[in-house]
Structure formats: structure tokens, C-alpha cells
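Please look at the chain below, with its sequence beside it. The paragraphs that follow go through some charged pairs and then a sheet.

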Amino acid sequence: MRFLSMPLIVAALLVGCSDDPDPTPTPDSGAPQQDAGNPPEDSGTPQQDAGVPPEDAGTQEPDAGVPPEDAGPLPSGPPVPQGPPNVPEFPPAFPGQTRAPAVQSQTQLQVTEIASGFRNPWAIAFLPDQRMLVTEKANGRLYIVTQQGAKSPAVTGLPAVDARGQGGLLDVEIGPDYAQSRLIYWTYTEPREGGNGLAVARAKLVDGAQPAVENVQVIFRMMPTLESTLHSGGRLVFTPDGKLFVTLGERSILEGRKQARDVKSHFGKVVRINPDGSVPQDNPYVNTPEAKPEIWSVGHRNILSAALDGRNRLWIVEMGPQGGDELNRPEAGKDYGWPTIGYGEEYSGAPIHDSPVGEGMEQPVYYWDPVIAPSGMTIYSGTLFPEWRNDIFVGGLAAQTLVRLMVRNDRVVGEEHLLKNRNERIREVVQGPEGALYLLTDATNGKLLKLTPR
């Protein structure tokens with residue numbers, strides 16, 4: 001698992017282009033719309049390598065939202081520079097829900113390239129000896145990588161993946177009992193008769209010169225099966241009590257979108273299962289007739305970022321359409337409103353929502369318009385960067401930045417965009433055991449980077 005779970009294709013080149021090139025269907029079309037020539041945000045299409053640089057663990061606090069008494073005044077001033085909103089007619093529901101004041105880290109940063117040559121890498125998980133498991137989305141490969149950058153042969157034994165579009169091999173975590181069981185867990189787009197769907201599998205990792213997995217078990221399948229090469233989510237988060245959150249997308253076509261608030265479908269949901277795939281009996285829909293009992297929360301679009309805070313509460317960031325990426329803290333049985341409410345629009349500029357608010361539907365803690373196209377997330381708990389304690393870090397694909405959110409009392413009070421000068425799509429961000437941040441860049445020559453104080 002990621003350590004915390006254990007004890008931006010280029011941004012718009014011209015003003016007016018969408019920051020999130022994720023195709024979204026119009027309300028009257030069942031097919032995804034290729035708007036303004038923008039490719040899918042996660043298509044795996046080789047790009048002019050965004051991976052070329054310019055020339056050049058700590059304990060957790062009991063409340064992720066409470067600042068120290070000497071933290072001083074909250075940030076004020078203008079937000080991070082960005083384009084005009086796509087949907088200016090939708091005001092935020094409360095002050096600070098979007099465009100928080102820009103902040104700047106005082107610590108000078110050192111970026112170290114540990115390894116490169118990954119083809120569209122997607123996820124990092126730390127083994128107990130600080131080696132890393134790294135997935136490659138496009139070709140379904142998993143590697144073990146040392147802190148010195150040595151990369152193992154591809155792990156054998158993984159099932160086939162449907163790697164078209166935004167599919168492929170996605171997240172990876174080690175099991176809560178890894179020291180005894182050697183079990184690892186991963187998400188992937190499973191090819192099926194009649195289409196595909198996200199699946200969660202687990203297996204024993206056999207280490208050595210030729211690493212492999214044995215006794216593969218599929219413990220969860222997103223249902224129903226649907227033919228789509230677009231969003232299916234895929235992040236995994238283990239909780240201290242051994243439960244497993246899985247984040248799911250709504251497939252970005254009309255047939256899937258309309259199921260995001262339907263408890264008879266897994267689309268657009270957070271689900272919660274036991275490590276063997278069984279259903280926890282305290283899940284909110286266990287006793288709801290016809291509901292999928294794995295469901296934890298509903299009404300999400302596509303969740304590619306997820307992490308626990310210092311109180312072991314789940315936070316997620318989900319991709320909006322054109323505008324409306326959202327930071328949410330999903331709670332059991334709650335409805336987050338997609339596609340009925342939201343802060344974005346279709347890529348054609350057509351409206352999706354009549355209003356950004358609705359009765360019985362939750363508001364996002366924070367949203368971006370224009371979008372950052374989020375992927376990967378960690379909530380910092382280490383000691384290397386004291387000023388970052390309890391801050392949220394999110395990879396930006398379209399934004400080509402590492403987004404830092406300063407959070408106080410469950411509200412975003414400041415925002416910073418780090419590493420912007422590198423012009424690299426950030427796919428994954430994970431806190432390492434020593435408190436450094438580890439990143440993956442999404443490119444055909446993707447990189448594994450380490451962020452430490454200079």
C-alpha cells in the first residue's frame with residue numbers, strides 16, 4: 001500500500017482551449033465528443049516527450065484541518081494565475097470554494113530523477129524495504145524499482161488488460177498484512193465479453209531476479225460491463241481497519257453518465273470492500289433492495305485521486321468535464337450530485353447542469369474552473385517539510401503541475417502550483433517512508449521523481 005495508508009498531453013496552448021482534454025458526451029449523444037481537437041487526458045498516446053526537463057514519515061496529527069496555534073493569519077490575496085472560468089454564471093456556493101489565495105512554499109525544493117523510460121506510468125506503492133512497485137498503464141506492466149533507480153524485469157503473471165484509451169493497468173497497493181501474506185492489489189481495465197470494466201485483483205508477489213505474481217484472484221468487478229475506452233476510475237486506499245476503498249468512474253459516455261447516482265450500478269461511485277472482496281456489513285446500502293452493496297457514496301464523475309487524512313477520513317479529487325474538477329470528502333451513503341449538479345459544461349460549451357446546487361446533494365469542498373485534470377493524491381504527514389503538514393497534494397495532468405492545497409478545518413485556504421517550469425504532466429504523487437514526495441510523469445518516457453528539501 002502507499003506509505004500513508006499504512007501506521008497534467010500538454011495544457012491548453014491557446015487561450016480558450018480546454019484545460020481538461022477529457023472527451024465528454026453531449027446530453028443528446030451516446031458517443032464521446034472529440035472537442036476542439038483535444039485528445040483524451042489519459043489516452044496513452046505518445047507525445048513529444050513531456051518527460052524532458054529544462055536545461056538545466058512521520059506521525060500524523062489527530063485533525064488534518066486544525067492549524068497550530070502559532071500558524072498565523074490565513075492566506076489572502078489573488079489566486080494562482082489561471083484562465084477565465086468556463087461557467088462564470090455558476091458562482092461558488094460559499095466563500096473559498098474555488099480560487100483560493102495563492103501561497104508559496106518557503107522551503108527550497110530539490111527534484112531528483114530516480115528512473116526514466118516508463119511508458120505512461122500510473123501508480124507507485126512502497127514495499128517495506130523502500131523499493132517501489134510502479135505500474136505502466138499502456139502496456140499493463142508492473143516493475144520493482146530501487147531507490148537507486150534499478151528496474152526489475154516486468155513482473156509476470158498479471159492478467160491481460162484492455163489498454164485502449166484511458167484503460168490499462170492502473171493503481172497498485174500492498175496489502176495490510178503484506179509482511180505475512182506478500183499480497184499485492186491492483187486495478188486494471190478488464191476485457192470482457194460485451195465490453196470491459198474496472199477490476200481489482202490480488203496475488204502473492206514472488207520477489208527475485210524474475211518477479212512474478214501467483215494465485216491471482218479478482219476480488220471486485222465494476223458492473224455493469226460497458227463498451228467504453230474512457231474513465232473507469234481506479235484508485236485504491238486501504239484503511240487502518242483493513243477495509244479497501246475503490247474509486248470508480250462513470251465511463252464518460254451517456255449510458256454510463258446517467259447511472260452515476262443509481263445505486264444499482266457501480267458507475268460513478270466510491271465502493272468499500274474487505275480485502276477478500278466481501279462486503280462490510282456496515283456499508284450504507286447493504287440493506288437497500290437492488291443496490292450494489294459495495295457502494296459507499298454516489299454521484300461522482302471520475303475519481304483518479306484518493307487519500308486518507310490524519311483522522312483516517314477519505315478525500316478524493318474527481319475530474320470534471322470542461323470546468324468543475326472537485327475535491328470531495330465522501331461520506332457513507334451521501335450523494336455528490338453528478339451529473340445533476342456541478343460547476344462545468346460540455347466541451348461544446350453546452351450546459352450539463354441547470355444549477356450547481358441541489359437538494360439532498362453534497363457540495364464539493366473545493367473546485368477548479370478551468371480544470372487541472374487531477375490524478376494522484378497524498379495528504380502530507382511527514383517531517384521533511386514541516387510547513388506542508390496536513391496539506392493536500394494532487395497531480396495535475398492538463399495543468400502540468402503539482403498542486404498543493406493548504407487546508408484548515410476542512411476548507412481550502414490556499415493553493416500553490418509547484419514544478420510548473422518542468423512542463424510535465426504529473427500522474428501520481430505519493431509520500432515516501434522518509435517523508436519525501438515521489439512523483440510519476442505521464443509521458444512515453446515517463447519519469448520517477450523524488451522531491452526533497454534543497
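Which residue's side chain meets that of R425 in a salt bridge? The partner is D442, with N and O 2.7 Å apart. A salt bridge here is a side-chain nitrogen of Lys or Arg within 4 Å of a carboxyl oxygen of Asp or Glu. R425 is in the loop between β20 (411-418) and β21 (426-431), D442 is in the loop between β22 (437-441) and β23 (446-453), and the pair links these distant parts of the chain, 17 residues apart. Strands, like helices, are DSSP runs numbered from the N terminus (for strands E, at least two residues; for helices H or I, at least four). Both R425 and D442 are buried, where buried means under 20% relative accessible area, exposed over 50%, and partly exposed in between, using a 1.4 Å probe and protein chains only.

The model is predicted: local features need pLDDT of at least 70, side-chain atom pairs count only at pLDDT 80 or more, and totals for chains, interfaces and linings use all residues. Residues are numbered from 1 along each chain as its sequence is written, and side-chain values use heavy atoms, with hydrogens and water left out.

Side chains of opposite charge can pair when their charged atoms come close. By the rule above, the count is 26 salt bridges. One of them joins D171 and R235, whose closest N and O atoms are 3.6 Å apart. This pair also links distant parts of the chain, 64 residues apart: D171 belongs to strand β5 (residues 169-174), and R235 to the loop between β8 (212-221) and β9 (236-238). D171 and R235 are both buried.

Another salt bridge is formed by the side chains of D391 and R408, at 4.0 Å from N to O. D391 lies in the loop between β17 (374-379) and β18 (392-396) and R408 in strand β19 (residues 401-408), so the pair ties together parts 17 residues apart in sequence. D391 and R408 are buried. Elsewhere, salt bridges link D309, R313, R329, E331, K334 and D410 in a network.

In β20, its bridge partner is R411. β19 and β20 pair in the antiparallel sense over 7 bridges; two strands pair if DSSP finds at least two bridges between them. These strands belong to an open, antiparallel sheet of 4 strands in the order β17-β18-β19-β20. At its edges are β17 and β20, each pairing on one side only.
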